[in-house]
Amino acid sequence: MILGHVSRRGSLKTRDALLLLRCHRLRSYNTALAAPFPVSTRSGTTSRARRSSSLHSRWHLATQVRGAKRVATADLDDIPQGAIDAGVGKLPVLEDSEPEYPPLLQQVRNNMLKFSHCVLLTRVGGFYELYFEHAEEFAPLLSIKKSKRKTMKGSKRPAVSMAGFPVYQLDRYLKILVQDLNKHVAISEEFLNDASTKAKGEPAFNRKVTRIVTPGTLIDENFMDPWQNNYLLSIHVDPDILKKENAVKESPGSQSVSSVLNIPRTEVGLAWIDLSSGDFLTQSTDIASLPSAVARIRPREIVLDSIFEQKEHSRIVSILQEDGHIITFQEPLEQPLTTAEWIPMLEDVVDDFDTADFKPSEVAAGGSLLHYVKHQLLGSKTSLQAPVRHQSEDHMSIDKNSLRALEIRSTIRDGVYEGSLLHSLKRTVTKSGTRLLTQRLSAPSMSLSTINDRLDLVEEIIEYPQLRQDVIALLDQTFDSLRLVTKFTVGRGDADDLLELSRTILTASDVVNILKEHSKSRDAISIDAENAVTETRRRKCLPALTRRFELEKPLQLARRIQDAIDEEGLFEQHRIEDDEASEMADLAQDILGREAGEEDLKPMPKRIQPKPHMISSSVKSATDGRDDVWIMKRNASKVLDRLHDTLDAMADKKMDLEQELRRSLGAESLTLKWTPNLAHIAHVKGKDVSKVTSEYPKSLSSSKSTRSFQVPEWTRLGAQLDETRFRIRNEEQRVLGELREEVVRNLVKLRRNAAVLDELDVGCAFAILAVEKHLIRPILNASTSHNIVGGRHPVVEAGLGEQGRKFAPNDCLLGEEERIWLITGPNMAGKSTYLRQNALISILAQTGSFVPAEYTEIGLVDKIFSRVGSADNLYQDQSTFMVEMLETAQILKEATPRSFVIMDEVGRGTTPEDGIAVGYACLHHLYHVNQCRTLFATHFHALTDMTKDLDKLGCYCNDVAEEPDGKFSYVHRLRKGVNRQSHALKVARVAGLPEEAVAVAARMLAQLKPSTSPPPQMEGTHQPSAARQKATAA
Ligand SMILES: Nc1ncnc2c1ncn2[C@@H]1O[C@H](COP(=O)(O)OP(=O)(O)O)[C@@H](O)[C@H]1O
Ligand SMILES: [Mg+2]
């Protein structure tokens, strides 16, 4: 079935519109603030534009030369594209008498209609081309030349725009279109029609879209980020609930603000996959938690039911849009897929996939997700892992704002990875291990036994440095087998991938041996009675991991691969391909060089990635004077062995023939060879030239001193040699195919082994981190208290360390005695740092990592909430205070007695009176209603007086130590009590505010609060830098 789509482009003809009426709809909106693609700003643009029309002809010329395919004419318009047939179009006949497009353009037009939501790339020989409005729109964005092409001689139609790039640059331009511009790209390949089809009047080439690439459906594209999952997410929610008139009544005016809190509580189903690794997960959640769940998953693309395009249902769209997600709308299936219908798209093991477990909303989300994927892959098979339910109650939920505020995966300021928690923690050595680390850090565990298992592993690895070293060295040699095996399931995967996979399997087996040896030596020592329980438990962690490896069959596969593939041959083949690629690049550069600036030339790869089709395409009929290069060892199969014997025998025959000819003709210089132009020839030089003329009077080419001529025996033998070579190539491909199948047969085991390796990688990473950063093992329990002694902020500490400064540790004792700590103190004294470090310690502990503290005992936290900093959202028409209140509302509505909340300077975006009132209300609500652990930092000292009657609220502060000479330093260490001094003017002065302004501020401050605070000492004339230095020394 072919789906069609309504285009958003306005330029469709009536005829096109007709066709579309019957079509399904699938629209893609880019709601992200797409990174503006840097359109090149080189000089001389105009002159190059003027010359651009000739470029295309020449590019095409290059194709013709390289492929030696068909007529090599200089003018593209003259290149025949098959019979021109008026009946080609499957479209309704035009009413006017205008002639159809020629076949190529007609095929392009049809494909553009069928896949109107996509950018269409059409393969034409060695190029991918954009035509019509796509060329107009995207050529400038891709920085490629646009030219015009006449439709047909004498046609009334205007010339058609076109633009293109060489095939080997596909990845480069896909990256721009899909990743930078968030477009859907339909790739149309070229298929040679056979004679009988052509006889029916079809054109010589047929062009079919074989795949649609979207941001969420990348499989093995080279530009994919190997360190991150590439998730596609489908969200299912009852559309009626989201209708505007159903906004929660208690919040008047709430219709104008898109917040999940204004939507009646309802269940939401989520399903997401990573096509590159086969991960498939589902979750059922509440609408209020949706933004946080989506932030955690961090999908590259979201699929929504097309009903949400309608204005009255669009609230969820605006909520997701605000967070910059890319949304694709999909017309729902009349009959949604049942879980039983998922099975054909999953790997072969379905026994641990219990369809009854899934909630209806998850089934709906999963069904629409798989429907979408099926459509984008256009029938090519996937083998996803059996779906796993992400149970909200099994994981600590880090709300959207906390993910951002705590800088878990990227920094607040620039949104970059460097400087984030993940960046400072990452000691994993494998790519998939890093993906697991990210997943765990974004969704820490709520299960004491899971956390303790992970901590046991870390502790065991810490205790045995040699084990750690050995395992890491091995892990470092593995390849990303999750993504590798996926290539095979979609029918890709080449000889190199097979080798990488086999090495990974063999390495995994080495890992197992090391682990087994370790366990053996551990068992030999008896357990100390003092800590028998923990020790016995810990000893079990490595054997438990070891047992999960399934290596028998995979090892057989690995050995088969190693026995079959000839690494040296493969290496040699790559060298040849490299040469060809650089030849091709030189050719393209040659063409471009005349048209473009130097910048265009730089990104051209010297190396074409070896793809399966490359292996066969570089098969030459003869060896071109080179030695044969084979990628398989000759005993990879019986047939191969026999064929090689035959080939050897023929090579002997050739030598004999050569000797025989030299002898009989008396021509010592005679050689038998093959040349691209003359095929199989005999060649002589010098005085031998005259000796052969009588026997072989017909010469194919000759010069003064050389002569080439045909020898029938050699021509015959040469043909046989070629035939044998051809059969060897075929047999090699057949064996390769067999090995590929074998990989797919081992899919489940390979994936399971990969998962164990990832866990080991994360375990080792945490162990290294603990040793490096002096972390300790946290104790977790089921209480609702925090008992952290000497806690530190892992990232800030590292930053200070780089400057040779020390971090002052702080305790955090929340629970029965004091549930809320209200923290006051000067600016820059470390309040915000303190708040964050305690949230982070909880997250690290529940992730299964050691933590930066002297001692830590923490009751499990179900949700972490943060209200910190001011994140303006002005483009969404939300003031600082509105954002602050939206985030606060989320906390007050969602936090449970098991939650952990940090609130930093709530009430800043409004008047002090309003701010204090709102701050008080928050404390009051958190204390009486939510009853959660809370750290609350504020400059409103009045709050400490207002909350005197809250028994379980403790007041703490940090300070400034002033010295007689006017210098001061921060006391980062918290003490009990209230600090009514913000010392803001000290910071102002350090920051370099003009002295006059500081003096005015000091006078005004004295007027404003004469009773509570004496005017700060402003007499000192110390240098700001000295003050800063002093401050840092505290
Ligand atoms: N415990 C600490 N020990 C040492 N330096 C600290 C500590 N806490 C914070 N700092 C330093 O002080 C700076 C300001 O901290 P911050 O938490 O933003 O202060 P506040 O929120 O009180 O204004 C941090 O960037 C860090 O360099
Ligand atoms: Mg602060």
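Colleague: What joins S15 to S16?

Modeller: A hairpin, through 3 residues. Keep in mind that this is a predicted model. S15 covers residues 671-675 and S16 covers residues 679-685. The two strands run antiparallel, with 5 bridges between them.

Colleague: Which residue does Trp674 stand opposite in S16?

Modeller: His680.

Colleague: What does Leu670 touch?

Modeller: Leaving out residues up to four places away in sequence, Leu670 touches Glu658, Leu661, Arg662, Leu665, Ala682, His683, Val684, Asp688 and Phe709. Leu670 also matters for the core count: with Leu935, it has the most contacts inside the largest nonpolar core.

Colleague: How many residues does that core have?

Modeller: It has 117 residues. Helix H26, residues 747-773, gives the largest share, 11 residues. Domain 3 (426-591 + 630-768) and domain 4 (779-1001) each supply at least three residues.

Colleague: What lies apart from it?

Modeller: Another core, of 26 residues. Leu233, Val268, Leu270 and Phe308 are among them.

Colleague: Switching to sheets. What is the strand order in the open sheet of 6 strands?

Modeller: S4-S5-S3-S2-S6-S7, with mixed pairing. Strand S4 (146-149) and strand S7 (205-213) are at the edges. Each has a single partner strand, so one side of each has no neighbour in the sheet. From one strand to the next, the twist averages 35 degrees.

Colleague: How do S2 and S3 run, parallel or antiparallel?

Modeller: Antiparallel, joined by 3 bridges. S2 spans residues 119-124 and S3 spans residues 127-131. Val124 has Phe127 as its bridge partner in S3.

Colleague: Which strands does helix H4 touch?

Modeller: H4, residues 132-142, packs on the sheet and touches S2, S3, S4 and strand S5 (160-166). Its direction makes about 115 degrees with that of S3. Helix H5, residues 170-180, lies across S2, S3, S5, strand S6 (185-192) and S7. H5 runs at about 150 degrees to S6.

Colleague: And the open sheet of 7 strands, what order there?

Modeller: S14-S24-S25-S26-S22-S27-S28, again with mixed pairing. Strand S14 (397-398) and strand S28 (968-976) stand at the edges. Each pairs with a single strand, so one side of each is left without a neighbour in the sheet.

Colleague: In which sense do S22 and S26 pair?

Modeller: Parallel, over 4 bridges. S22 is residues 820-824 and S26 is residues 933-937. Ile820 has Thr934 as its bridge partner in S26. Helix H29, residues 880-894, packs on this sheet, touching strand S24 (863-867) and strand S25 (900-904). H29 makes about 155 degrees with the direction of S24.

Colleague: Is Glu905 buried or exposed?

Modeller: Buried, because its relative accessibility is 15% and the cut-off is under 20%. Ser143, at 22%, counts as partly exposed.

Colleague: Last one. Which residues of H18 are buried?

Modeller: Glu535, Arg538 and Arg539, in a helix that covers residues 532-539. They lie on the same side of H18, because their arc around the axis is only 100 degrees.

Colleague: What covers them?

Modeller: The cover includes helix H14 (448-463), helix H17 (495-523) and helix H19 (541-548).

Terms used. Residues numbered from 1 in each chain as written. Chains lettered and ligands numbered in written order. Predicted model: local features only at pLDDT ≥ 70, side-chain atom pairs only at ≥ 80, totals over all residues. Heavy atoms only, no water. Buried < 20%, exposed > 50% of the residue type's maximum accessible area, 1.4 Å probe, protein only. Arc of directions from axis to C-beta. Contact = heavy atoms within 4.5 Å. Pairing = 2+ DSSP bridges. Axes fitted to C-alpha atoms, helices over the stretch in contact; angles between N-to-C directions. Core = buried A, V, L, I, M, F, W, Y, C linked by side-chain atoms within 4.5 Å. Domains from an automatic or database assignment.
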